[in-house]
Amino acid sequence: MEFFSGLGRPTQINLVVVLVFCLCSSSTYAYDPLDPHGNITIKWDVISWTDDGYVAVVTIFNFQMYRHIDAPGWKLGWVWREKEVIWSALGAQATEQGDCSQFKGNIPHCCKKNPTIVDLLPGTPYNQQVAHCCKGGEITSLVQDPEKAASSFQISVGKAGTSNITVKLPRNFTLATPGPGYTCGAAVKVPSTKFFTPDKRRVTQALMTWSVTCTYSQFLAARAPTCCISLSSFYSSTIVSCPACSCGCPNKTQPNCVDANSPQLTLPGSSSSTPALQCTRHMCPVRIHWHVKLNYKEYWRVKLSITNFNYMRNYTQWNVVVQHPNMGNISQVFSFNYSPLNPYGSINNTAMMWGVQFYNDILMQNGPDGNAQTEILLRKDKKMFTLEKGWAFPRRIYFNGDNCVMPPPDQYPYLPNRSHGTSVYVLNLVAGMVTCLILVLFWS
């Protein structure tokens with residue numbers, strides 16, 4: 001206290017400025033409380049040396065529990081330290097060849113100082129493939145399908161070092177999916193990766209390995225949220241809609257959405273500048289509705305509905321993450337896949353749900369089929385279960401890894417006993433007044 005009391009007013013203002021700067025700078029920090037260890041790791045394994053460089057297998061591992069990379073897929077970029085070139089590539093390709101005019105005869109695959117690499121499409125000839133490649137850049141989350149949570153390609157690098165001492169690691173790595181959101185650190189040498197032979201009886205290892213870690217920030221990925229939450233319950237006629245302008249506001253002067261009743265709805269193949277989102281109060285591409293449906297003696301039941309308001313986008317491999325104190329007591333989830341998430345060990349209050357393959361694993365574009373829904377049956381925890389004070393509603397919900405906008409707690413549907421208590425109070429007051437009036441008349 002003496003320290004702060006001794007500060008002059010200019011110093012106090014400077015202190016406030018520093019605090020505000022710290023808060024603002026931390027808004028893009030990539031920590032996710034529901035997936036604290038989630039990241040994408042890019043590993044380079046040098047598997048052989050060549051006359052003027054090396055051959056490396058590059059693998060992108062998705063260690064995020066519920067965040068995946070959707071179409072049109074990842075784009076990986078970096079900057080060479082010297083004048084390295086890519087002689088050839090398998091399982092991926094550089095988006096631009098660059099200026100290779102100094103070469104005669106054998107022309108490199110890419111001569112750019114800052115190449116950008118993309119995955120090849122499904123159906124690529126086998127002689128151009130490597131393991132875990134050619135999925136169009138799509139990578140699933142670690143929980144949904146661990147076997148598809150990685151993507152690999154092989155490159156032959158020339159005009160580079162030819163030993164562990166002379167090789168210089170690339171720098172300024174970038175990962176687009178395809179937009180922003182990921183921030184990558186510097187390449188770091190790590191212990192060489194070990195590989196098992198097909199018969200599992202012999203272990204080989206890379207000649208050299210380095211690793212790059214990329215983390216995600218929703219603030220960097222989009223200027224506005226991408227989803228919102230609405231609420232309702234069986235014990236109240238109130239339906240709490242998504243907060244107005246959750247993901248933006250309708251622009252009347254420059255229309256940024258399409259009226260649902262308009263005859264000129266956006267169709268596939270239209271110009272990318274044409275609005276593709278249905279006009280709503282919340283202006284979110286996705287809305288998730290949580291409805292407390294039934295209350296049994298030992299169980300309670302929730303209906304979860306997901307609606308797509310985008311006329312031009314299907315969400316493939318979508319997922320929803322729900323945080324609620326009772327998520328550890330889920331008895332059954334209907335028509336969705338389900339897995340508990342326990343990022344903190346003993347605390348089991350988070351659940352992940354996603355569509356069943358070939359049934360509802362694709363959330364179709366806005367229209368009759370642009371929704372998916374499930375019902376969740378939960379066993380009551382008698383130590384905590386209540387319908388009062390909004391306890392039955394989720395603490396937070398993520399869609400495809402992005403935190404959705406929740407309504408303010410003071411708008412949650414409430415139990416009718418509040419109004420009942422008020423009515424009882426009024427009736428008691430009236431009864432007391434009538435009793436007093438009778439006594440006054442009797443004694444007079």
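Five strands make up an open sheet in this predicted model, in the order S21-S22-S19-S25-S26, with antiparallel pairing. A strand here is a DSSP run of E with at least two residues, numbered from the N terminus, and two strands count as paired if DSSP finds at least two bridges between them. Strands of a sheet pair through backbone hydrogen bonds, either parallel or antiparallel. At the edges you will find strand S21 (336-341) and strand S26 (402-403); each has a single partner strand, so one side of each is left without a neighbour in the sheet. Two bridges hold S25 and S26 together, and Tyr398 has Asn403 in S26 as its bridge partner.

Before we go on, a word on the model itself. Residues are numbered from 1 along each chain as its sequence is written, and side-chain values use heavy atoms, with hydrogens and water left out. Because the model is predicted, local features need pLDDT of at least 70 and side-chain atom pairs count only at pLDDT 80 or more, while totals for chains, interfaces and linings use all residues.

Now look at strand S1 (residues 40-49). S1 runs antiparallel to strand S13 (residues 208-216), joined by seven bridges, and pairs in the antiparallel sense with strand S2 (residues 54-62) over nine bridges. S1 and S2 form a hairpin with four residues between them. Val46 has a bridge partner in each neighbour: Met208 in S13 and Ala56 in S2.

Next comes the interior. A nonpolar core is a set of buried Ala, Val, Leu, Ile, Met, Phe, Trp, Tyr and Cys residues joined through side-chain atoms within 4.5 Å; buried means under 20% relative accessible area, exposed over 50%, and partly exposed in between (1.4 Å probe, protein chains only). The largest core has 38 residues, and among those touching the most other members are Trp290, Trp300 and Phe399. Strands giving two or more residues to this core include S16 (286-295) and S17 (299-308). Apart from it lies another core of 35 residues, including Ala56 and Trp78.

Finally, turn to the cysteines. The structure holds eight disulfides, each a pair of cysteine sulfur atoms within 2.5 Å. One joins Cys257 to Cys279, with a torsion of about 95° about the S-S bond, so this disulfide is right-handed. Both cysteines lie in the loop between strand S15 (236-240) and S16, so the pair ties together parts that are 22 residues apart in sequence. Cys257 counts as buried at 11% relative accessibility, whereas Cys279 is partly exposed at 31%.
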